Amino acid sequence: MTVQRRTLALAASLLLIAPAALSAQGIRGELRVRGDIVGFQRLQRDSIPESEVTGTGARRQLADGTVVACTTGDYCRWYGSGETEDIYPVYQDLRATAWTGVEGLSFHTQLRGRLGSDDAWPRTEQEVEAITAYIGYRKDDLWLRAGRMLRSGSLGYKNFDGGSVAWSGLGPLRLEAYGGWSLGVGLNAPRNGQLLTEADEWAPEKRAYIYGFDGALDFGANFFANVQYQREIRTDETGLYSERVGGSLRAIVGDAILDGGITYDLAFKEINLARLQMTSPLGGGFGLVLEARHYRPFFEYWTIWGAFSPVAYSEGRGMLTWSSPGLGLTLEAGGGYRDYDETDAGVEFVDIKEDGVRLYGGGHWVSGPWFVDGGYRSETGFGASRYGGDLTIGRQLGNDARIALFGSSTKSFGEFRVGEQLGTGGGIDASWNLGDFTVSGSAAMYRITFDNRSQNEDWTQPRAHLSVAWRFGSAPKPRPSMRGIGGY
Amino acid sequence: MKRAILIGAVVLAGGASAVLSMPQQDGFPHAKHQGLFPSCSACHAGIETGEPAEFVSIEPSACQACHDGQTAPRVDWNGRAEQPANNLKTVHPGHPSIPCSSCHQVPGRTGDMQVQAATFDACRACHAPDAEYHTAAESNCSQCHLPLTEATGLSASQIEAFPAPPGHASPEFISAHGALAAEDVTSCSVCHARENCTVCHVNAGNVPAIMALGPDPRVAAMTAGATWDPPLPRSHMVADWNLSHGSAMLDSPNSCATCHTQNLCATCHLDTVEQIAEDFATASSAPAPEPFVKIPGHAPNFAVAHGQAAVAATPKCAACHAESYCVDCHDGSGRPSFHPADFVQRHSAEAWGQTQTCSDCHSNEAFCRDCHTTQGFANSGQTGAAFHDAVPDWFVAHGKAARQGLDACASCHTQTSCLRCHSAVEGFRINPHGPGFDAEAEKAKGSCTICHGTVPGGG
């Protein structure tokens, strides 16, 4: 069964539930349709016969300075600009919560369609997906759920088809067990569906069962700790896709919040993430955030990546903030330094950085209906680096509308490629609530230019979107946000 | 309704005002002295001066001029007795000049000295000719009654004994009284002082009508320690009030500010607290919240570091956030609000630096690689180091970069690409395992067959 057929089957099952929702005591939700225009420039591989390039060796230069990779007796190759085109992603989102009339029994769903979307955009072949669709029942200390769920825990976000039982009847102790059929990370589709099989020759051929347990001690805001275990096993039980354990801690000590977590890969016996953050006000409007972090990526066991021995980095991060409600001003500045573990790979004569630095400074100012948001970011690392800033100036128009101008300029270099890229541009973003409808849109242009890459052509990238959302039932009316303008 | 409340407030003072309606049986027998006194002000100088102490200005010695036991019998009068405390206004100064008899004439009698204390009916004859006693829609409590803060002679027990106007018992009164007070706070002031309001109104200092009442030590003593357990407003009884209250707050911030301070908002709204403070500033007297950390609040970097908090407080998160709020970012194919502008063009550095864990939301294979393939970035089967042209001898050098940033590599390269060299059964058979790799780790053996054809060591 393909991904689409499975999703359609799930959607059909939702139709069976729909009568209950329609006759429900209450229903609220939102239907949103969004269309985008995004321009992009393809990267084109090109070549000339090796005999036509002067010099020797595998790495040579053309007359215009372009670095090419040559194979003796064959060709010299490079990547330059290809054609430029615009693509048109389209989304349809339906979110709904229905109360059935039976106390504690409710139905929740979020469906996403990509009907009519441009094929060049990722995942457009998944025309309909159910992100969530589950029935929940709460009574006293018991919470039962069944259907397609997204569950957040110490091991991150996990989606699956199945059920869960949560119980909190013993003081601060909270227990939960869950299980079912797991789905691909970020896909809302089985691992053996066409999304993965078309993307990777070695994609799993079997679905997976998932089960897990979560125990927590919850003393309210002052102290929380939990431990989670989760296992995903092929349905033919011949192998695992993941087996991990994680924990979280959140505690208040004096004025400070301590917030930490750890995840551990039971197969490779490695810590994937260990972090501890302290957040504390310093008085006078100042605040401090300090964080220590150790990170090694986790790869599911159906891939070979975990066996390639990826290394971890350890990082210290800090952020200082200052806020003045009277002035409507918030300023932030921070940074971090990370250092990678020894890789035992590579060669001495090629220098690849083993550390990285990130810096950030920014602010947010509100005065009457006006708001200004800006920041500067610098990221220097072994694989890619960039530095640049962005600025948004906007105005709230009453309670239901907002308009803003935004712009950014970023210089980036990396991917172990010669040259740099500068992207500079900006646009306008607006949102307007009209009764039960919200209309929002943006339009922007970015000029992309290249330094030291003669085979890349400067170009102008258009970006625009238009979104219409209709709220039904008692869905809350959102206030046009001052944040996130120009994202994506 | 509004007028009924105003009238009700006047009725509160009825105990004192009832004096108006009673002929002064114990007072001076004016009728017996008819023809003896040419003007009222000869004995009642206060009528013209407005000085209550001189309302009866004549001295006992003046009586004795006639009541000396010979001309007329002696009388036992030693001056005006202390009057019971009331909250009546002295109306004579400033009142339009009309004959005294207009208000003081005993009904049905004629003659200069056939007078009595003015009754409310006498006032009503001009001021509210069609109204019932103390219930006229046109009545204004303050027209006859002093503000409570000026009726200093009243005791606390007298104030407590003020009858509540019927209008105050209406269920709507609690939500309507603010507008009524704003329109005519002087009527309220007859029975109420500022301390009556501060029992409930946390924002009293910013409400002009409340501040206009003025403080009163008797009321302060009466209300000291008093608390109010307000009934839940009907608007709060909808299931999603935690999510939908924003519009109501914006429509009527003063209503919210009656019971809530900015600090309550700051419990959840740290990211947007500046705006909320602004919206709420004119409505709340509470100090503005510290917009940094409010427990259990959101720290400045909460948008990217909320994982543990979300785990710790999933039920609490749900008080304000619908599940779809999380999906907006975590589903990974919509338009996230926390990525900065133009992120699609400049995300490379973040991906390599693993600022956030991209794969928490995005499928490396079906999202990242799909897009990189479309754009021509992703490896499509060719060999050669044409793409990574900044590093000489990339083939022998890439191992270090790969181990440091395998996530980023896998966003372009398929497993098949790497297997050309790193397979154990074909190609260059280069071992990709680092030092300490546990080949006997049984749990992940499913992937061994991809490179080895079989699971090393069986299994």
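Colleague: What is the relative accessible area of Trp322(A)?
Modeller: A residue is buried under 20% relative accessible area, exposed over 50%, and partly exposed in between, using a 1.4 Å probe and protein chains only. Trp322(A) counts as partly exposed, because its relative accessible area is 23%.

Colleague: What kind of model is this, and from which letter are its chains lettered?
Modeller: This is a predicted model, in which local features need pLDDT of at least 70 and side-chain atom pairs pLDDT 80 or more, while totals for chains, interfaces and linings use all residues; side-chain values use heavy atoms, without hydrogens and water. Residues are numbered from 1 along each chain as its sequence is written, and in the order in which they are written ligands are numbered from 1 and chains lettered from A.

Colleague: How many aromatic pairs are there over all chains?
Modeller: Rings of Phe, Tyr and Trp (its six-membered ring) pair if their centres lie within 6.5 Å; planes under 30 degrees apart are stacked, over 60 edge-to-face, and the rest tilted. Over all chains, that rule gives a count of aromatic pairs of 20.

Colleague: How many residues apart in sequence are the parts that Phe286(A) and Trp322(A) tie together?
Modeller: Phe286(A) and Trp322(A) form a tilted pair, 6.4 Å centre to centre with 50° between the planes. Helices (H or I, at least four residues) and strands (E, at least two) are DSSP runs, numbered from the N terminus. Phe286(A) is in strand 16 (residues 286-295) and Trp322(A) in strand 17 (residues 313-324) of chain A, so the separation of the parts in sequence is 36 residues.

Colleague: What is the relative accessible area of Phe286(A)?
Modeller: Apply the cut-offs already given. Phe286(A) is partly exposed, because its relative accessible area is 36%.

Colleague: Are the rings of Phe382(A) and Trp352(B) stacked or edge-to-face?
Modeller: The ring centres of Phe382(A) and Trp352(B) are 5.4 Å apart and their planes stand at 90°, so the pair is not counted as stacked. Phe382(A) is in the loop between strand 20 (370-380) and strand 21 (384-397) of chain A, and Trp352(B) is in helix 22 (residues 348-353) of chain B, which makes this a pair that crosses between chains. Both Phe382(A) and Trp352(B) are buried. Their pair is edge-to-face.

Colleague: Which Trp residues of chain B are in the cluster that ring pairs link?
Modeller: From chain A the cluster takes in Tyr295(A), Tyr313(A), Tyr340(A), Phe382(A) and Phe416(A). From chain B it takes in Trp352(B) and Trp394(B).

Colleague: Is the disulfide of Cys70(A) and Cys76(A) right-handed or left-handed?
Modeller: A disulfide is a pair of cysteine sulfur atoms within 2.5 Å, and the sulfur atoms of Cys70(A) and Cys76(A) are 1.9 Å apart. Cys70(A) and Cys76(A) are both buried, and the structure holds one disulfide over all chains. The torsion about their S-S bond is about 110°, so the disulfide is right-handed.

Colleague: How far from Cys40(B) is the nearest cysteine sulfur?
Modeller: Cys40(B) counts as partly exposed, because its relative accessibility is 37%. Cys40(B) is in no disulfide, and the nearest cysteine sulfur, that of Cys100(B), lies at 3.7 Å.

Colleague: Which side chain has a polar contact of 2.8 Å with that of Arg234(A)?
Modeller: Arg234(A) is in strand 12 (residues 223-234) of chain A and counts as buried, because its relative accessibility is 16%. A polar contact is a pair of N or O atoms within 3.5 Å; within protein, one must be able to donate a hydrogen and the other to accept it, and residues adjacent in sequence count only if both atoms are side-chain atoms. At 2.8 Å, the partner of the Arg234(A) side chain is that of Thr238(A).
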